[in-house]
Amino acid sequence: MIKNLKADLRKAANSEKAKNLSRFFKTGPGQYGEGDVFIGVKVPESRAVAKKYKDLPFEEIAALLHSSIHEERLIALLILIEQFQSASQQGDERIREKIYHFYLENTQYINNWDLIDLSAAKIVGPYLEDKPKDILRKLATSKSIWERRIAILSTFHFIKQEDPKYSLEIAEMLLKDNHDLIHKAVGWMLREVGKNCSEKILTDFLDKHAVTMPRTMLHYAIEKFPEEKRQKYLTRTS
């Protein structure tokens, strides 16, 4: 089945798109996506392939996730999401647990921001809903930028349920992170807290941390504020 999947994926590939994606996802020497290989398949086309092969055996999903080709790893994650959600609907905790552990055991292959952003809040977040959240704190202190991003993006699941607690806790842990991709992710989740939970919860957090938090993080967090309110936070000195 995996051979057919790869053949379908190659039919949708585009060399010019591959060049553009390689630049966009910073695959050059010393960049965060160094060595990542794109074949130029658009996300909607990848989703279509994933839907077609949503019943792919687990061993073949693992082979896809371990691929050097970005779009193959993307499709592996999309299929895992399909199977996780199906197991959730059927109340199959064994499959949910298997996918969750497989996901966290293979974070070295979930190694670009788009892969994390589409999957963490659909696998890690839902699995942890009724369980201890210690793993999020562990991921937030990881040396891996991707594991740190998984930590904060996983909390998007709770934000959508109007529970900001875990997002704020992980955000506070990542305030001094030195990577721009973490600044953007944390700022984005803070903005979503304001949107989905309460603007006051967001402004209380900003009143405490705006002066010292990275500027990119702050810009993302206040992006939807009226200009006057944005300037209030951008110009604060104490």
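These legends accompany several close-up views of one predicted protein model. Because the model is predicted, local features need pLDDT of at least 70 and side-chain atom pairs count only at pLDDT 80 or more, while totals for chains, interfaces and linings use all residues. Residues are numbered from 1 along each chain as its sequence is written, and side-chain values use heavy atoms, with hydrogens and water left out.

View 1. Helices (H or I, at least four residues) and strands (E, at least two) are DSSP runs, numbered from the N terminus. Along the principal axes, the C-alpha atoms fill a box of roughly 60 × 45 × 30 Å. Of the 238 residues, 52% count as buried (buried means under 20% relative accessible area, exposed over 50%, partly exposed in between, with a 1.4 Å probe and protein chains only). Contact means heavy atoms within 4.5 Å.

**View 2. Helix 9 (residues 145–154) meets helix 12 (residues 180–196).** Two packed helices are described by the angle between their axes and the distance between the axes. In this pair the axes come within 10 Å and cross at roughly 5°, which makes helix 9 roughly parallel to helix 12. Axes are lines fitted to C-alpha atoms, for helices over the stretch in contact, and angles run from 0 to 180 degrees between N-to-C directions. Angles under 35 degrees count as roughly parallel, over 145 as roughly antiparallel, 65 to 115 as roughly perpendicular and the rest as oblique. From helix 9, look for Ile145, Trp146, Arg148, Arg149, Ile152 and Leu153; their partners in helix 12 are Leu181, Ile182, Ala185, Val186, Trp188 and Met189. The residues of this contact divide into 10 nonpolar, no polar and two charged (Ala, Val, Leu, Ile, Met, Phe, Trp, Tyr, Cys and Pro count as nonpolar, Asp, Glu, Lys and Arg as charged, and the others, Gly among them, as polar).

**View 3. Leu78 sits in helix 5 (residues 70–90).** With a relative accessible area of 6%, Leu78 is buried. Not counting residues up to four places away in sequence, Leu78 touches Ser46, Arg47, Ala50 and Leu118. Although Leu78 and Ala50 are 28 residues apart along the chain, their C-alpha atoms are separated by 6.1 Å.

**View 4. Ser67 belongs to the loop between helix 4 (58–65) and helix 5.** Ser67 counts as buried, at 12% relative accessibility. Leaving aside neighbours within four places in sequence, Ser67 is in contact with Glu72 and Arg73.

**View 5. Lys26 and Glu162 each have a positive phi without being glycine.** Lys26, with phi of about 50°, lies in the loop between helix 2 and helix 3 (43–52). Lys26 is partly exposed, with a relative accessible area of 36%. For Glu162, phi is near 65°, and the residue is found in the loop between helix 10 (156–159) and helix 11 (165–173). Glu162 counts as exposed at 59% relative accessibility.
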